[in-house]
Amino acid sequence: MTHQNLVAVDFLPTAPARLATRLAFFGVGFSMACCAPLFPFIKANVGADEGQFGLLLLCLGLGSIIAMPITGLIAARRGARSMVLLGGFGMVVLLPVLVLVTTPLTLGAALFLFGASLGTIDVAMNVHGAEIEGLEQRPLMSNFHAQFSVGGFFGAGLMTLLLSLQMHFMFAAFVGAAVALCAVLLTRTRLLSVRGGEPVPPVFPHGIVLLLAALAGITFLIEGAVLDWGALLIIDLQLTDVQSAGVGYILFSAAMVIGRLTGDRIVAALGEFRVLVFGGFVTIIGVATVLVSPWPPVALAGFVLIGLGAANLVPIVFSAAGRQKIMPAGLAVASVTTTGYAGVLLGPALVGFTADLTSLVMAFWLLAMLMAIIPLTARIVVRA
């Protein structure tokens with residue numbers, strides 16, 4: 001592609017759709033992050049103990065996993081636009097509902113619907129992003145996914161700020177919903193109106209889509225393990241004191257945002273194959289650095305390598321799912337998203353089970369071994 005073509009693409013009708021996709025990713029990350037500082041208040045509001053609240057949170061994941069394949073089917077038939085809006089407005093309405101309900105039963109129902117809304121917009125915005133990539137014929141998915149992380153940073157920061165200023169948690173939730181609403185409203189007239197062709201029957205994932213789904217699950221498993229077990233690993237390895245154990249996830253998150261903001265240029269320059277191979281190996285080196293380095297600063301730098309290495313793996317997998325031809329793009333992206341989300345939900349539990357049988361260090365070594373599958377299958381992915 002010539003330089004002139006690269007400049008001209010900014011004036012394509014897809015430029016507003018690019019902005020809409022970034023806003024959708026930002027809105028989802030923002031809304032999800034708003035929940036974390038609010039959960040203690042929500043838990044107290046319904047009078048649930050830790051065990052009950054843990055079970056209630058499963059409703060959120062259950063709603064997402066049920067909604068994702070349904071969304072993929074509808075998006076394959078009617079395009080992604082309507083599902084982006086349905087999921088977006090759903091999450092906006094349900095965010096304040098979470099803080100208004102007062103019984104465990106109603107909270108479980110609200111969490112289920114909130115999760116379904118998140119699952120709906122999650123699949124739809126990835127399908128929409130893949131449609132834009134197909135039209136523009138250039139990498140865009142890394143930047144889209146970066147906006148999710150940026151939204152998460154601002155969502156958690158805004159809620160923490162408002163609550164620290166003694167704003168009532170119910171008002172804080174409405175402020176968060178208002179910001180998310182602005183993001184969704186700005187997408188409304190900018191989304192592509194792409195419709196599917198003939199009605200698409202439900203199809204189980206097969207062929208390359210099964211591999212892409214597995215790779216997404218592995219990458220999300222790494223991310224979930226760093227989120228849920230990274231601090232405990234740091235404590236076990238005596239890299240910092242307990243109060244500073246969260247530094248690993250902070251370093252990982254910052255590196256991932258930087259990696260994704262620059263990822264489209266990197267993929268365009270190096271190609272998907274090299275990014276998958278180098279990214280997979282850098283992630284493995286990062287895990288190994290954390291586990292074996294005797295110097296705490298170097299070991300903690302391993303979290304930076306994990307973030308940089310993993311940053312662009314999932315965007316490439318989603319791009320491949322969107323362009324493969326053996327399944328409708330909506331169904332393929334839904335399969336990849338559902339498996340990846342299952343990796344986030346089930347992965348930390350599997351890590352804990354493995355750590356209980358062996359050790360947490362061994363569990364992370366096994367994660368590094370799983371990550372080796374990505375560079376080994378990179379050639380197959382880029383041919384999708």
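**Exercise 1.** Which residue lies over the face of Phe 273, and at what distance from the ring centre?

*Solution.* The model is a predicted one, in which local features need pLDDT of at least 70 and side-chain atom pairs count only at pLDDT 80 or more, while totals for chains, interfaces and linings use all residues. Residues are numbered from 1 along each chain as its sequence is written, and side-chain values use heavy atoms, with hydrogens and water left out. A charge sits over a ring if NZ of Lys or CZ of Arg is within 6 Å of the ring centre and within 35 degrees of the ring normal. Arg 379 lies over the face of Phe 273, at 3.8 Å from the ring centre.

**Exercise 2.** Determine how many salt bridges there are, and describe the pair of Arg 323 and Glu 272.

*Solution.* Start from the criterion, a side-chain nitrogen of Lys or Arg within 4 Å of a carboxyl oxygen of Asp or Glu; by this rule the count comes to four salt bridges. In one of them, Arg 323 pairs with Glu 272, and the closest N and O atoms are 2.6 Å apart. This pair links distant parts of the chain, with Arg 323 in helix H13 (residues 313-323) and Glu 272 in helix H11 (residues 272-292), 51 residues apart, where helices are DSSP runs (H or I, at least four residues) numbered from the N terminus. For accessibility, buried means under 20% relative accessible area, exposed over 50%, and partly exposed in between (1.4 Å probe, protein chains only). Arg 323 counts as partly exposed because its relative accessibility is 27%, whereas Glu 272 is buried, at 17%.

**Exercise 3.** Classify the ring pair of Phe 26 and Phe 154, and then that of Phe 153 and Phe 154.

*Solution.* Rings of Phe, Tyr and Trp (its six-membered ring) pair if their centres lie within 6.5 Å, and planes under 30 degrees apart count as stacked, over 60 as edge-to-face and the rest as tilted; by this rule the count comes to six aromatic pairs. The rings of Phe 26 and Phe 154 have centres 6.4 Å apart and planes at 45°, so the pair is tilted. Because Phe 26 lies in helix H2 (residues 14-46) and Phe 154 in helix H6 (residues 141-164), the pair ties together parts that are 128 residues apart in sequence. Phe 153 and Phe 154, by contrast, form an edge-to-face pair, at 5.5 Å centre to centre and 85° between the planes. Finally, Phe 153 counts as exposed at 63% relative accessibility, while Phe 154 is partly exposed at 46%.

Notes:
Helices (H or I, at least four residues) and strands (E, at least two) are DSSP runs, numbered from the N terminus.
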